[in-house]
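I opened this notebook to record what I looked up in the structure shown below. The entries follow the order in which I looked.

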Amino acid sequence: MADINVTVRAHCKLLLHAVKYPHAAVNGILLAEDNRNKESKTLKFVDAIPFFHVSLGLSPMLEMALLQVEAYCKGKNLVIAGYYQANENYSDNEMNHVAKTIGRKVQENFHDACLFMIDNRKVKAESVSQPYKIYTLRDSGWRDSDRKNISEDDISKEESLYALLKSGAQRQLCDFDNHFDDVRNDWRNLELNDLINRCT
Amino acid sequence: MAQRVGFDEARTTMKKYREDQIRDSDLVLSLWEDVVSDKCNRLGDELWLVYEQVCTAALDCRRFDIAEDCITCLDNKFPRSIRVRRLQGMYHEAREEFSEAEEEYKSILEKDETNMYARKRQVATLKARNKIGEAIQKLNEYLKSFMTDYEAWNELCDLYLSQHDYGNAAFCLEELLMSNPHNHLFHQKYAEIRYTQGGNENMELARSYFAQAVKLNPNNLRALNGLFLSASTLAVTSSKGGKDKQLNLKYATWAAEQIQIKYQTQQPEAQLKDTKIRECLEKHLDSLQSA
């Protein structure tokens with residue numbers, strides 16, 4: 001079982017998505033370096049692609065988004081390896097039917113996939129430990145991940161998130177809902193990636 | 001955030017947000033605190049609408065100090081107003097004082113039982129406490145009396161979706177479609193629900209409604225995506241060489257072309273190349289041909 005490493009970029013982007021739409025449920029997927037043919041024991045989540053903030057439970061747009069991201073990953077040595085979700089209700093961080101269904105779909109394509117459930121109460125511009133819980137599929141159920149979480153850059157993550165939230169960077173984030181409204185909205189969020197790089 | 005914005009621009013922005021019902025509470029508060037509040041005597045009668053707007057924005061951002069000030073000012077100007085009392089109820093809701101909120105709404109309804117806002121807030125209170133079943137029940141009762149309230153039908157649809165009761169969610173959309181047959185968004189959402197339900201009959205319904213949405217608004221990318229996916233699914237499940245398969249392939253191909261045109265004409269070159277939408281669509285179509 002691989003250890004998990006969530007980079008600053010993936011960490012910040014998924015939390016910024018939750019911050020951008022505090023009144024709505026949000027979800028998205030996480031991309032990892034494709035190490036299926038390698039000896040590496042670490043699952044490194046290098047990016048987060050924000051998906052939706054409206055009607056998370058409907059499938060057509062989800063399927064379209066997954067098709068597009070899959071095509072994007074080819075040739076970049078990336079793979080869809082994780083799914084994140086923040087629920088609408090402030091104190092609700094339970095994995096619901098939507099999370100389990102989409103999580104399972106991701107897991108079918110990538111065996112060691114992880115499910116990230118964001119704790120809304122811990123999404124803020126202060127230093128917080130574990131703003132999300134990570135689950136993996138074991139014994140036909142989603143359970144707390146028992147893999148070691150490599151967190152050498154925890155401080156870096158907190159500092160970057162603080163800087164980003166203070167500057168209102170979440171407004172720049174584009175998810176797939178924004179993209180389907182106007183295709184010029186770029187779900188890769190390259191400028192935001194640069195901004196995050198400059199924070200570290 | 002809003003320091004560099006002038007008073008007139010702030011005023012116009014806030015007005016636009018009220019009219020379009022845009023929920024950007026952070027910005028509204030920022031405009032109020034940094035720009036408008038000092039010069040609020042220049043607002044004239046608009047001041048009261050602004051107080052209401054700032055109050056709800058403040059509740060969204062948990063700035064209870066600002067919310068309280070707004071409610072006090074409004075109460076002084078409009079004593080015993082039901083509209084102000086509703087804000088008071090929302091204040092309690094935001095502080096998770098749900099019994100106090102419920103008291104407030106009950107007493108509003110005792111005074112005016114046709115007050116739709118108080119009744120909707122009661123549903124919101126149940127939703128906030130995660131009592132979705134009761135919220136659905138209450139909203140259904142509400143709609144018996146106020147059946148033309150589109151916002152309520154939409155909310156009920158979303159509540160049913162959260163319980164994955166697609167059948168009843170579809171019913172809500174059907175009500176909306178009957179009263180708004182030219183609204184492409186309703187056709188599209190209805191199609192999405194049918195698509196999610198799955199099964200041949202639902203997929204055909206989905207395809208029809210996506211097609212209708214495209215007809216009403218050829219710019220609706222979600223409807224084009226939906227048409228592509230539903231026609232593709234039907235092509236795969238139809239018998240090989242059958243007429244249905246050919247027709248669905250034709251629809252899927254057409255939809256893919258429309259999607260590609262949209263991307264090619266609107267997206268910058270670099271983005272287009274990197275995100276490979278064309279390859280994605282072509283690969284999907286190829287897999288249908290061989291299925």
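**Entry 1. A pair within one helix**

I first asked: in which helix of chain B do Arg278(B) and Glu282(B) both lie, and how many residues apart are they? I found both in helix α16 of chain B, four residues apart, which is about one turn of the helix. Helices here are DSSP runs (H or I, at least four residues), and they are numbered from the N terminus, as are strands (E, at least two residues). Arg278(B) and Glu282(B) form a salt bridge, with 3.4 Å between the closest N and O atoms. I noted the rule: a side-chain nitrogen of Lys or Arg lies within 4 Å of a carboxyl oxygen of Asp or Glu. Arg278(B) counts as partly exposed because its relative accessibility is 42%, and Glu282(B) is also classed as partly exposed, at 36%. For these classes, buried means under 20% relative accessible area, exposed means over 50%, and partly exposed lies in between (1.4 Å probe, protein chains only).

**Entry 2. Source and confidence**

I recorded that this is a predicted model, in which local features need pLDDT of at least 70, side-chain atom pairs count only at pLDDT 80 or more, and totals for chains, interfaces and linings use all residues. Residues are numbered from 1 along each chain as its sequence is written, chains are lettered from A and ligands numbered from 1 in the order in which they are written, and side-chain values use heavy atoms, with hydrogens and water left out.

The model scores ipTM 0.92 and pTM 0.92. Chain B has an average pLDDT (the predictor's confidence in each residue, from 0 to 100) of 92, and 99% of its residues score at least 70.

**Entry 3. The interface**

I next examined where chain B meets chain A. Chain B gives 39 residues to the contact and chain A gives 32, where contact means heavy atoms within 4.5 Å. The buried area is about 3,100 Å², and carbon and sulfur atoms give 53% of it. This area is the accessible area (1.4 Å probe) that two parts lose on being put together, summed over both.

The rule finds six salt bridges across this interface. One pair I looked up is Asp24(B) with Arg171(A), at 2.8 Å from N to O. Is Asp24(B) buried or exposed? Asp24(B) counts as buried because its relative accessibility is 17%, whereas Arg171(A), at 35%, counts as partly exposed.

**Entry 4. A link within chain B**

I then turned to Arg23(B), whose side chain meets that of Asp60(B) in a salt bridge (2.9 Å, N to O). The pair links distant parts of the chain, 37 residues apart: Arg23(B) is in the loop between α1 and α2, and Asp60(B) is in helix α3 (residues 46-60). Arg23(B) is partly exposed at 48% relative accessibility, and Asp60(B) is partly exposed at 37%.

**Entry 5. The whole structure**

Last, I searched over all chains and recorded 27 salt bridges.
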